[in-house]
Amino acid sequence: MGKYSLFNLIRHGLSYHRDWSKTWRNPEPQPSYDVVLIGGGGHGLATAYYLAKEQGITNIAVLEKGWIGGGNTGRNTEIVRSNYLWDEAARIYEFSLNLWNDLSQQLNFNLMYSAKGVLSLGHTLQDMRDISRRVNANRLNGIDSELLNADQVKKMVPSINVSLDSRYPVLGASLQRRGGTARHDAVVWGFARAADALGVDVIQDCKVTGIKVQKGKVTGVDTTKGFIKSAKVGVITAGNSSVMAKMAGFRLPIESHPLQAWVSEPIKPVLDTVVMSNTVHAYISQTARGELLAGAGIDPYTGYAQRGSFSVVEGAVAAILGLFPIFSRVRLNRQWAGTVDTSPDACPIVGLTPIQGLYFNCGWGTGGYKATPGSGWVFAHTIANDKPHRLNQPFSLERFTTGHLIDEHGAAGVAH
Ligand SMILES: Cc1cc2nc3c(=O)[nH]c(=O)nc-3n(C[C@H](O)[C@H](O)[C@H](O)COP(=O)(O)OP(=O)(O)OC[C@H]3O[C@@H](n4cnc5c(N)ncnc54)[C@H](O)[C@@H]3O)c2cc1C
């Protein structure tokens, strides 16, 4: 730390943060913008940043009904990876994983991206067949992916129980070494600060209540801070996407479900990789603060409450304790949920809509955090050029009528 910043730190510390310059402005909305983006999660803010940086469009508002990152981005379990099965999905997630590499430098904000590796366990012979198919598919796409046997898993994660007479015997796993975690709050703050510096208005506490359409073209949005005119509107509202589509007069093949996570009290470092299991529907990692961070699959019912039901936590915790009996006396500290937007083929919808000038980016379900930079990049390209980038072309809304589905339930199963 240089002298100047140390001096500033002491000065600000003693001033109780009075006159501390804001990380981003807190502007009131202008009457009109070239582009309005609805949703101040990671994807919305990344879209704003790449629109300004890569596409040269800076007259942009990001409208967030609450506080930025208060949706799924600030509630997720931070896993990033790219080992998806099908070419289309593998390409967009791999593009994103490559952006994570130097995103901290790009944004000048420490995102704490840690390539600690992601293990996906197999417990049955069929699991192992599925896993090896995915490993081979990944390799054909140039994505790092390895097949481990039970001994190799045990060597990597000494605390795991691989005994064959345990409730969920571990037969092996896939490993993506470049997978890992990145700090979600930092991603939100980093993109918000960088977008703001490029002239983007990030407007919090501003709920969109209507999308105005005339003669098949979008003309602006009604908000709790008044009408805002714009000929281009991007909607990136995750679990609220079908509500937004209804405002514009069409339907999306999206269901909104609660998805939960929870953390334990902090303990000494014991787990330095991410361990997931589609079969037992649970996953776990350890944060830099020492908490064990765990989660499950979606709650089975649809809903918008950011809570979730206890039976899901109970089932997943029981499964995790089967794999890690060593954690049986660790206490849980907090539980929460987000509302995720699941599509019929477990893949996102990113692109144009039946309304001219209205674009949707949704359907990332339980696993969109890892795609944040890539999604923002391709969505910015789509909005600026009024046509999809080649990476999001396969993820159009039309695929649900043409039948060109990309079924990623296998790679997205639990799944993050
Ligand atoms: C518990 C949990 C764990 C997860 N774990 C992982 C993981 O480990 N790895 C992974 O890749 N993914 C994970 N995900 C999924 C991931 O979090 C999401 O796919 C991703 O964050 C979606 O980002 P987003 O910016 O599209 O949505 P969000 O972050 O939800 O942002 C959407 C924003 O839109 C705002 N909004 C909604 N309606 C309006 C309106 N009318 N007007 C204005 N603003 C509005 C919301 O307030 C919200 O802030 C997890 C999700 C949850 C809930």
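Which polar backbone atom lies 2.9 Å from an oxygen atom of the ligand? I looked it up: the atom belongs to G368.

I am working with a predicted model, where local features need pLDDT of at least 70, side-chain atom pairs count only at pLDDT 80 or more, and totals for chains, interfaces and linings use all residues. Residues are numbered from 1 along each chain as its sequence is written, and side-chain values use heavy atoms, with hydrogens and water left out.

**Ligand site.** I listed the surroundings of the ligand and got 39 residues, each with a heavy atom within 4 Å of it. The closest are E64, N72, T73, T77 and K370. Then I checked single atom pairs. A side-chain N or O atom of E64 is 2.6 Å from an oxygen atom of the ligand. For T366 I found a backbone N or O atom 3.1 Å from a ligand nitrogen atom.

**Domains.** I took the bounds from an automatic or database domain assignment. Domain 1 covers 30-76 + 184-254 + 345-412, and domain 2 covers 116-178 + 255-342. Their C-alpha centres lie 29 Å apart. Contact (heavy atoms within 4.5 Å) involves 18 residues from domain 1 and 16 residues from domain 2.

**Domain interface.** I noted about 1,300 Å² buried between domain 1 and domain 2, with 48% of it on carbon and sulfur atoms. This is the accessible area (1.4 Å probe) lost on putting the two parts together, summed over both. How many residue pairs are in polar contact between domain 1 and domain 2? I counted eight, both residues at pLDDT 80 or more. Here a polar contact is a pair of N or O atoms within 3.5 Å, one able to donate a hydrogen and the other to accept it; residues adjacent in sequence count only if both atoms are side-chain atoms. On the side of domain 1 that touches domain 2, α8 gives the most, with three residues. By class, that side has seven nonpolar, 10 polar and one charged residues.

**Salt bridges.** I used a side-chain nitrogen of Lys or Arg within 4 Å of a carboxyl oxygen of Asp or Glu. Across the interface of domain 1 and domain 2 I found zero. The structure holds 14. One of them joins K225 and E28, with the closest N and O atoms 4.0 Å apart. K225 sits in the loop between β10 (217-223) and β11 (226-229), and E28 in the loop between α1 (3-14) and β1 (35-38), 197 residues apart.

Conventions: Helices (H or I, at least four residues) and strands (E, at least two) are DSSP runs, numbered from the N terminus. Ala, Val, Leu, Ile, Met, Phe, Trp, Tyr, Cys and Pro count as nonpolar, Asp, Glu, Lys and Arg as charged, and the others, Gly among them, as polar.
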